[in-house]
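Work through the following exercises with the model open. Each task is followed by a solution in steps.

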Amino acid sequence: MDIVITGLLLGGTYALIAMGLNLQYGVARIMNLATGEMLVAGAFAAFWCHTAGQVSPLLSLLLVAPLAFAGNWMVYRFMLRPLVRRARDPGQLEVDSILATFGMAFIFVGIMLAGFGGDYFSYSYLVEPVDIFGATYALNRIVACLAAAAIGGLLCLWLYGTRTGVAMRAVAVSPRSAGLVGIDVPAMSALAFALGGAVAASGGALISTFLTMDASVGVLFTMKALVIVIMGGVGDMRGAILAAVILGIAETAVATLIDPGLTLAAAYLMFIAVLLFRPQGLFGRRAA
Amino acid sequence: MSRAGGWRMALAAAGFALAALLPLVDQGYLLTFAVTVAMYAVLATSWAVFSGPTRYISLATAAFYGLGTYVVAIGIDVLPYPLLLLLALLAGAVLAGIVGLATLRLSGVYFVIFTLGLAELVRQLVTWTQNNFGTSRGLYVLTDLTESHIYWELLAATAAVYLFGWWIGRSRIGFALRIIGNDEVVAEHCGIGTAASKVALFMFSGAVAALVGALLAPRWTYIDPGIAFSPILSFQVVIMALLGGAGRLWGPLLGVLPFALLWEVISAQFPNQTTLLLGIAFLLVVYVVPHGVAGRLETLLHALRRGRG
């Protein structure tokens, strides 16, 4: 029970990060390996707001999200669009975007290390015990999970309820056909990429309330987000949420029952299982 | 063999012979650096043998390398060193085979993601095993092999990789891989067993990386998971191979020399800036030299020839 609830709380924030990556990969077709660094940037911004201005991390989201949106939009417009145009086939775009986003991730880590050093950063926010079913949990984890659920819920409502959301899902299904029915595919892709980055940064700000982070921790989150997206099925939001919860619970179970050093191994084992038995994702249909 | 091919072979042989004389000239810093360069040369070239034609980016070099190192570290007191090298080759091939079978049947992204975490996965497993069942975290490798021996061994490995790569290039499997790299659907329709060919070549590059790890184990003397599975190695190898040009067998070598030199300088002068260097190099590969220095040289040569004729 204890494991399930802790896992659920962790899975909630994972789900948000994976949703961001899902937008970027599912709609904009950019496999963004710098997503973990975006998360660290969000976390660092929240940390900075809290220590310098006593701003609550939840409030700092109002600053983090628009900034990340603008930054990611610029990255897409000026760095990734040329690659999209140059690519002759999806395979080449995949290779190019992987290398380019890797480069950006390393540059980000390099700048962070140069500017702020490799120190761990953490702050205490809402460190109060809460009782659920007789066991105690930290309030900050619960708040982070609820906030993540709220952001994710809004995103889903927008995707499934508005005209722009429908257009975006159309691009995810087929960029070519979307263009034929009058959807501005490049603009939609840029929007999706920017939105995905904003979501990832918000997830980072939320995670920073209960986890200690440092400049180079991003790649770990990237890997987890990737595993979740693949497990849930590319472009599938429901699958991503379910996969995130499963991963959160599995990680917590392994950390408490076996060894905290094996969490990544747990994630990878699930990844292998998915690749072997359901490569199309949890809810995905087998390609005809 | 054509006349040009014969000339190239002779040139390569002369190059190797010249390189082999280096330990007679200098035993100090130059030799140490040469060992590093030779190590990267083997790793980058064997990486390109698989990733060049197929365009699958493998980030697992560190996993195989670490595996090889560990095979030697665990067995050095029990088994003779040459046998351990053979075991390392085998271990690398088996691990690559497993990973390949699980991921290479699917699209390239799955492969990249999986290899990205492989080194960390193996490191966590090794650390956990050592913590729970072993006596200590570190292991000692004490041999009477000197730096010169390691250098010569690496040179021999380089030569072997080159010969193998050259043979692959003109064999049926090499041709099949080039078709796969150009269009996998076409390859399948031609009746090529795409998965089997990819797995076979990936096993080769994995085995070589493990062998290099095993060859370098005596250099470290003390080995722990952090040293053996340093993830940065995978990225360095990718950068060097792509910077030089993975499309040609001799391409990676063009990337290895300048990048290894630059890396030496940067890590000596600004040890905190190596990550930044790695990032810039990645962007350079994508935006400035997409086909590597080798690709640039070839277009230049073509232009020159056309200008003359």
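Residues are numbered from 1 along each chain as its sequence is written, and chains are lettered from A, ligands numbered from 1, in the order in which they are written. This is a predicted model, in which local features need pLDDT of at least 70 and side-chain atom pairs count only at pLDDT 80 or more, while totals for chains, interfaces and linings use all residues.

**Exercise 1. Describe the side of chain A that touches chain B.**

Step 1. Contact requires C-beta atoms, placed from the backbone, within 7 Å. By this criterion 32 residues of chain A meet 30 residues of chain B.

Step 2. Helices are DSSP runs (H or I, at least four residues), numbered from the N terminus. Helix 4 (90-116), helix 9 (218-232) and helix 11 (263-277) of chain A each supply at least two residues. Helix 4 of chain A gives the most, with 17 residues.

Step 3. Sort by class: Ala, Val, Leu, Ile, Met, Phe, Trp, Tyr, Cys and Pro are nonpolar, Asp, Glu, Lys and Arg charged, and the others, Gly among them, polar. The side of chain A has 25 nonpolar, 4 polar and 3 charged residues.

**Exercise 2. Determine how helix 3 and helix 10 of chain B pack.**

Step 1. Axes are lines fitted to C-alpha atoms over the stretch in contact, and angles run from 0 to 180 degrees between N-to-C directions. For helix 3 (residues 29-54) and helix 10 of chain B the angle is about 170°, with the axes 9 Å apart.

Step 2. The two helices are therefore roughly antiparallel, a label for angles over 145 degrees.

Step 3. The residues of this contact comprise 13 nonpolar, 3 polar and 1 charged. Among them are Trp47(B) and Phe50(B) in helix 3 and Phe202(B) and Lys198(B) in helix 10.

**Exercise 3. State how helix 4 and helix 5 of chain B are covered.**

Step 1. A residue is buried with 20 or more other C-beta atoms within 10 Å of its own, exposed with 12 or fewer, and partly exposed in between. In helix 4 of chain B, 13 of 15 residues are buried.

Step 2. Buried residues of helix 5 of chain B include Leu84(B), Gly92(B) and Thr103(B). Their cover includes helix 11 of chain A and helix 4 (61-75), helix 6 (108-133) and helix 10 (194-220) of chain B.

**Exercise 4. Are Arg29(A) and Arg55(B) buried or partly exposed?**

Step 1. Arg29(A) lies in the loop between helix 1 (2-26) and helix 2 (35-53) of chain A, and has a positive phi of about 60°. Arg29(A) counts as buried because it has 21 C-beta neighbours inside 10 Å.

Step 2. Arg55(B) lies in the loop between helix 3 and helix 4 of chain B, also with a positive phi of about 60°. Arg55(B) has 18 such neighbours and so counts as partly exposed.

Note on methods:
Contact = placed C-beta atoms within 7 Å. Parallel < 35°, antiparallel > 145°, perpendicular 65-115°, else oblique.
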